[in-house]
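This report describes the overall build of one chain and the surface through which two chains meet. Please keep the sequence and the structure in view while reading.

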Amino acid sequence: MIRFDHVTFQYEKAFTPALSDIDLEIKENEFVAIVGHNGSGKSTLAKHVNGLLLPTQGTVTVCGMQTSDEDNILRIRQNVGMAFQNPDNQLVTTVVEEDVAFGPENLGVAPDEIRIRVDDALASVGMTDFATSAVHHLSGGQKQRIAIAGILALKPRILVLDEASAMLDPSGRAELLETVHKLHREGMTILMVTQYMEETTGCDRIVVMKGGKVVLDDTPKEVFKHTDILMESNLVPPETVSVRNALRSIGYALSDSVLTAELLAEEVCPLL
Amino acid sequence: MRDITLGQYVAGNSVIHKLDPRTKIAMMILYIAMTFLVKDIWFLAIPFVYLVIELVLSGISLKYILNSLKPIRFLLILMFLLNLFFTKGENVWLDLGFWKLTDEAVLQSFFLSIRIVLLVAGASMLTLTTSPIALTDGLEKLLTPLKIFHFPAHELAMMMTIALRFVPTLMDESEKIRNAQMSRGADFESGNIFKRVKSMIPILIPLFVSSFRKADDLAIAMESRCYHGGDGRTRMHQLKFRKEDLFAILITLLFVAALIVILVLF
């Protein structure tokens, strides 16, 4: 569904490329987390998916369309919804439902159809009751859900979250993650850029980036075996994984699939 | 602090509130024309009656109208006095040697003052009964025909929308910066006016920088949501011109016509 073919990207005036020779394929309805430290190129990668940035070398193909072709850009952006870090800086209008309507209005969708889309989008992020509220009265987590509703109203097939949880408090982050998982179950392809390793345990696949290169690309179960590579990339594995490893080192036989607190409890209890 | 809005909209459900914003803008323009057509103090009664009817129908309390007049109170007093002193007339009421109080001067002073009060009160009726968003929509629609002269109607409306959206956000931001500077020992309260104005600089500069960053973020977010200018754009909320709107316009025109007839006859 998304294909990065030998993608290299260098910002103007930069000495080193932000992305170098990335090869990546993301399939339909996959939930992929992209993790990496500051400056690893993860956000740059995300901005390539909807053509906000165009590769210096190589090609990015989304739903069969190349991002470098300007005629495709509107159709690509309709298929790839993108949520950003700062919840305040991505809402355009004062009233919630008007903001959700912004995307379809840009596409020239008929007014009645926009109404239906807005109501559906608000329902699927659980914000129907706030339809006529002013956005500055909402919490960070709620604003982020409105931003996602605004994207859903475009009926995209891929949702890219560019560190969308970074500025949220723990409850806002949980709210957002739950929404994203629900959308994934409903068939959405998800690309989630994040610094929080705890958020990645429920994904299908984790891509670890360092210095513009992919250093690991596997299921969470496999990725968290390589604690050393994660540490080298300045990433801290989730606490449950650290606890698991600590228990292992003192002789408890715990399996690799122990990634969440629930699974940890399940395997530890019989051993006590 | 976060709840201040541009203008002074008072939410309500009256006939006036429910009128199409375009109707209300047209009504205001006609009303202003009326007050300017009048050249005699007694005929100001016509726009006055019109304003009273609108006020009663809108259910807006007189207090808001009086509030909207507050900022111009000094201007009013000044205008009144100037006219009182410098209007020349024949019918002298009082002769102080260096200055004569005349019949004409008193009338002229009252006439101009009342006219300004009526103008400001009428304009406030528009902003009191129309939400800024509706006002923006209405302006965009009304200005759209000017596009043939390359007038950026959509861009202007979009700019107003974004400005309205970011007023509370920037208020929050300036409060945060202010607190941050105060915790570093900045003093905003003491000193004379120049000192205090100067002490605003450490708030304004970070606020400007952060606004630019916000603008950049917002532009990227808007592009990601397929924004490509006003061409081919539709709106979810369609403005509807209903029979109430037609009725309101007709009544306003009736007032204008009546005024013109009276002006011609007398």
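Domain bounds, as used here, come from an automatic or database domain assignment. In this predicted model, that assignment gives chain B a domain 1, covering 15-130 + 240-265, and a domain 2, covering 152-224. Taken over C-alpha atoms, the centres of domain 1 of chain B and domain 2 of chain B are separated by 37 Å.

Chain B contains eleven helices and two strands. Along the sequence, the order of these elements is α-α-α-α-α-β-β-α-α-α-α-α-α. Chain B is more spread out than a compact globule, because its radius of gyration is 24 Å, well over the 18 Å that the globule rule gives for 266 residues. The C-alpha trace of chain B spans about 70 × 55 × 40 Å along its principal axes.

Of the 266 residues in chain B, 20% are buried. Among the contacts in chain B with a separation of 6 or more, 75% are between residues 24 or more positions apart.

The two chains also touch each other: 32 residues of chain A are in contact with 26 residues of chain B.

By residue type, the side of chain A that touches chain B divides into 16 nonpolar, twelve polar and four charged residues.

Technical notes. Residues numbered from 1 in each chain as written. Chains lettered and ligands numbered in written order. Predicted model: local features only at pLDDT ≥ 70, side-chain atom pairs only at ≥ 80, totals over all residues. Helix = DSSP H or I, 4+ residues; strand = E, 2+ residues; numbered from the N terminus. Rg over C-alpha atoms; globule rule 2.2 N^0.38 Å. Buried ≥ 20, exposed ≤ 12 C-beta atoms within 10 Å, placed from the backbone. Contact = placed C-beta atoms within 7 Å. Nonpolar A, V, L, I, M, F, W, Y, C, P; charged D, E, K, R; others polar.
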